[in-house]
Amino acid sequence: CRSHRRNRQEAQVTRTGRFSPTLGWFRLDPHRQARRVAALTVKARGAFTLIYYELWTWRGRLKIEGTDWPSITRMTPRAWKAIEAEVLSAFEITDGYILEPEMIDQLAFIDSQAAQKREAGLRSGVARALKSLPGQQNR
């Protein structure tokens, strides 16, 4: 549904300040993910997956304190509290943040590619503008 997609994008712009429709996907290694969640209960696997997806929105880094985990995991606060420790144990936690280094690396690569394309576009635009100056048509 278009309105749902638009609302999701607006929400991402509000939360991250850097949403780009081109960041709507990421690489996922299913074997690695299966190994990470193998010891989790079914509910904890679902919560882990939803948090993992949310991490992409937050560019691979999500603060533990103050985050509305029940909302992210689509659980009641009581249900979330019951599995919170189990789910968070499957993530890398540093200085009060859940970090996904591979996701952060992917985003850095995407950002560098976008910067290169932006610079190439600017150079191309300048070249075209100079070409369109009077007396420059044959160059």
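L130 lies in helix 6, which covers residues 101–131. Helices here are DSSP runs of H or I with at least four residues, strands are DSSP runs of E with at least two, and both are numbered from the N terminus. This is a predicted model, in which local features need pLDDT of at least 70, side-chain atom pairs count only at pLDDT 80 or more, and totals for chains, interfaces and linings use all residues. Residues are numbered from 1 along each chain as its sequence is written, and side-chain values use heavy atoms, with hydrogens and water left out.

**Surface patch**

- V126, L130 and L133 make up a nonpolar surface patch with about 270 Å² of accessible area together.
- Patches consist of residues with over 30% relative accessible area and no salt bridge; like charges are joined within 9 Å, and nonpolar side chains (Val, Leu, Ile, Met, Phe, Trp, Tyr) within 5 Å.
- A salt bridge is a side-chain nitrogen of Lys or Arg within 4 Å of a carboxyl oxygen of Asp or Glu.
- Accessible areas come from the Shrake-Rupley method with a 1.4 Å probe, and for residues only the protein chains shown count as cover.

**Buried residues**

- Q33 sits in helix 2 (residues 30–37).
- Q33 counts as buried because its relative accessibility is 11%; buried means under 20% relative accessible area, exposed over 50%, and partly exposed in between (1.4 Å probe, protein chains only).
- Apart from neighbours within four places in sequence, Q33 is in contact (heavy atoms within 4.5 Å) with L28, F48 and Y52.
- W80 belongs to helix 5 (residues 77–88), and its relative accessibility of 2% makes W80 buried.
- With neighbours within four places in sequence left aside, the contacts of W80 include A47, I51 and W69.
- Between W80 and A47 there are 33 residues in sequence and 8.5 Å in space, C-alpha to C-alpha.

**Loop residues with positive phi**

- R74 is in the loop between helix 4 (69–73) and helix 5, and it has a positive phi of about 55° although it is not a glycine.
- R74 is exposed, at 64% relative accessible area.
- D95 is in the loop between strand 2 (92–94) and strand 3 (97–99), and its phi is positive, about 50°, although D95 is not a glycine.
- D95 counts as exposed because its relative accessibility is 72%.

- Three strands form an open sheet in the order 1-3-2, with antiparallel pairing.
- Strand 1 (61–63) and strand 2 are the edge strands, each pairing on one side only.
- Strand 1 and strand 3 pair over 3 bridges in the antiparallel sense; two strands pair if DSSP finds at least two bridges between them.
- L62 has I98 in strand 3 as its bridge partner.
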